[in-house]
Each structure stands twice: as structure tokens, then as C-alpha cells.
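Work through the exercises below with the sequence and the 3D view open. Each task is followed by a solution in steps.

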Amino acid sequence: MRGAVRWVLWDVKDTLLKVRHSVGEQYCSEASRLGLDLPPSQVETAFKQAYRRQAKLYPNYGMAQGLGGHSWWVAVVKDTFSQCGVQDPAMLDKLSFNLYHNFKNAENWEVFPDSDRTLRSCIAMGLKLGVVSNFDNRLEGILHSCGLLPHFSFLLTSEGAKVAKPDAAIFHQALQHCGAPASSVAHVGDHYVNDYLTARSLGISGYLLDRQSSTQHTDVPPQYTISSLDELPALLEQNL
């Protein structure tokens with residue numbers, strides 16, 4: 001028997017907001033400010049290789065190996081530009097410092113039009129909100145710069161939790177923050193495994209956001225699939 005929903009947990013990237021420009025464009029923009037002229041396509045390809053390599057060697061920002069988000073991303077940025085022929089250590093240090101710290105600025109992010117109003121609607125319904133996100137500890141600054149931070153009672157990043165979705169342990173930590181049983185908690189995200197399946201496996205009401213209406217996962221009941229966050233409040237209201 002499900003209890004009344006009292007909390008809604010949220011994924012962030014590609015659920016509430018998205019990166020405004022491609023990584024190649026962002027990295028090249030910073031490189032240009034430092035006098036470097038590099039093609040975005042080359043930088044984008046190099047970044048994907050660097051990211052995959054780092055994620056394989058040091059999953060979840062290398063928390064288990066004592067790295068952390070800052071050191072992890074510095075290594076990715078330096079690897080990316082090294083592949084593109086940038087070898088000067090001082091230049092690589094400057095690029096990695098600037099890109100890491102500037103990434104949380106609002107101009108790098110686009111908040112989906114339905115995000116703020118849906119969060120406000122949930123709060124108006126008496127629901128409390130929290131974040132469960134595979135992200136580093138810059139997330140608080142990003143949400144602050146995008147004007148979304150005040151909506152949330154707590155933020156739980158995979159760097160802070162030292163564990164990442166789809167490991168259920170991060171949701172167990174979130175439930176402790178909520179101080180509520182899984183049966184009175186909902187979770188919203190765009191990833192079928194990380195968000196929907198993991199939440200559901202714990203008894204949390206998982207809602208899968210599919211902005212493209214791809215209907216790829218036919219096993220998800222229609223009442224738990226949404227193509228816009230605007231659909232969510234009415235569905236949650238049925239369980240209050």
C-alpha cells in the first residue's frame with residue numbers, strides 16, 4: 001500500500017536544465033580568450049575520449065581513489081587540450097582552472113521552460129523537494145546561478161554522497177534526508193536505469209521524463225511517463 005507522497009526528488013541535468021552549448025564550443029570559447037584558435041569539432045572529439053578514459057579509470061569523480069570532482073575535471077580538461085596540441089603546462093593550468101570555475105555560471109546553462117513553474121507548483125501543493133544527481137559539488141552554485149536553488153530542501157550529489165546512480169545507496173541517503181519512507185517519496189528523472197528503475201526498485205514512485213516522446217521503454221506505465229514537467233503536478237495530486 002503506497003503512502004501519500006510528501007517528497008519529490010529530482011535529477012537535474014537534462015531534467016531541469018541542460019548545457020547551453022556543446023563542450024567543444026565552450027572549451028574553444030575559453031581557449032580563444034587565451035589566444036588559442038582550435039576547431040570545436042576537434043575539441044569535442046578529444047573531450048569525449050578524455051571523459052571516457054577518466055570515467056573508466058576513476059568512476060564517480062574518483063571518490064573511491066581519493067580524487068574528487070576538481071582534480072577529476074582538471075585531468076579531463078588537460079587531457080582534452082593535450083590531444084589538440086596544447087602542451088604548455090601554464091596554459092593547461094589556466095584552461096583547466098577557468099573552465100572548472102566558470103562552468104557554474106548561468107550563461108553555460110539553459111533552464112527548461114517548464115522547470116521553475118513545476119517546482120513552484122509542487123511546493124504550492126505542500127510537497128518538499130530534494131535533488132539526487134550524478135554531479136560534482138558545483139551543482140549548488142549552478143542551481144543558485146540559475147535561480148532554482150531556493151526550491152530545494154537538500155542537494156545530494158554523487159560526489160558528496162561518494163556513490164552514484166544507479167547504486168541504490170545514493171537513494172538510501174536521500175531517504176534519510178527526507179526522513180520519510182520510500183512509499184511517500186517520488187523521483188523524477190530522464191534516465192531509464194539511473195532514475196526510473198532504481199527508484200522503483202526501492203519502492204519510490206519513479207517518473208520517467210521523456211521530452212522527445214520516444215516511447216522507447218514500453219514497460220513504463222503511461223501514468224509514470226511524462227513528456228513535459230507540466231504533466232507532473234496533476235499526477236502527483238492523485239497521490240496526496
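**Exercise 1.** Decide whether Phe-154 is buried or exposed, and describe its ring pair with Trp-7.

*Solution.* Step 1: Phe-154 has 9% relative accessibility and therefore counts as buried; buried means under 20% relative accessible area, exposed over 50%, and partly exposed in between, with a 1.4 Å probe and protein chains only. The model is a predicted one, in which local features need pLDDT of at least 70 and side-chain atom pairs count only at pLDDT 80 or more, while totals for chains, interfaces and linings use all residues. Residues are numbered from 1 along each chain as its sequence is written, and side-chain values use heavy atoms, with hydrogens and water left out.

Step 1: Trp-7, at 8% relative accessibility, is buried too.

Step 2: A pair of aromatic rings is described by the distance of the centres and the angle of the planes. Rings of Phe, Tyr and Trp (its six-membered ring) pair if their centres lie within 6.5 Å; planes under 30 degrees apart count as stacked, over 60 as edge-to-face and the rest as tilted. The count by this rule is 13 aromatic pairs. For Trp-7 and Phe-154 the centres are 5.6 Å apart with 45° between the planes, a tilted pair.

Step 3: Trp-7 belongs to strand E1 and Phe-154 to strand E5, so the pair ties together parts 147 residues apart in sequence. Helices (H or I, at least four residues) and strands (E, at least two) are DSSP runs, numbered from the N terminus.

**Exercise 2.** Classify the ring pair of Tyr-51 and Trp-72, and state which aromatic cluster holds these residues.

*Solution.* Step 1: The ring centres of Tyr-51 and Trp-72 are 5.4 Å apart and the planes stand at 85°, so the pair is edge-to-face.

Step 1: Tyr-51 is in helix H2 (residues 40-57) and Trp-72 in helix H4 (residues 69-83), so parts 21 residues apart in sequence are tied together.

Step 2: Tyr-51 is partly exposed at 36% relative accessible area, whereas Trp-72 is buried at 2%.

Step 3: One aromatic cluster is formed by Tyr-27, Phe-47, Tyr-51, Tyr-61, Trp-72, Trp-73 and Phe-81. Tyr-61 has a positive phi of about 60° although it is not a glycine, and it is buried at 10% relative accessibility.

**Exercise 3.** Which residues have the most contacts inside the largest nonpolar core, and which elements supply it?

*Solution.* Step 1: A nonpolar core is a set of buried Ala, Val, Leu, Ile, Met, Phe, Trp, Tyr and Cys residues joined through side-chain atoms within 4.5 Å. The largest has 35 residues, and Trp-10, Leu-143, Phe-152 and Leu-236 have the most contacts inside it.

Step 1: At least two residues each come from E1, helix H6 (115-124), E4, helix H7 (139-145), E6, H10, E7 and helix H11 (232-237).

Step 2: Apart from this core lies another of 23 residues, among them Tyr-27, Trp-72, Leu-92 and Tyr-100.

**Exercise 4.** Locate Pro-166 and the cis peptide bond.

*Solution.* Step 1: The bond between Lys-165 and Pro-166 is cis, with omega about 15°.

Step 1: Pro-166 is in the loop between helix H8 (158-161) and H9. Lys-162 lies in the loop between H8 and H9 as well, and is exposed at 59% relative accessible area.
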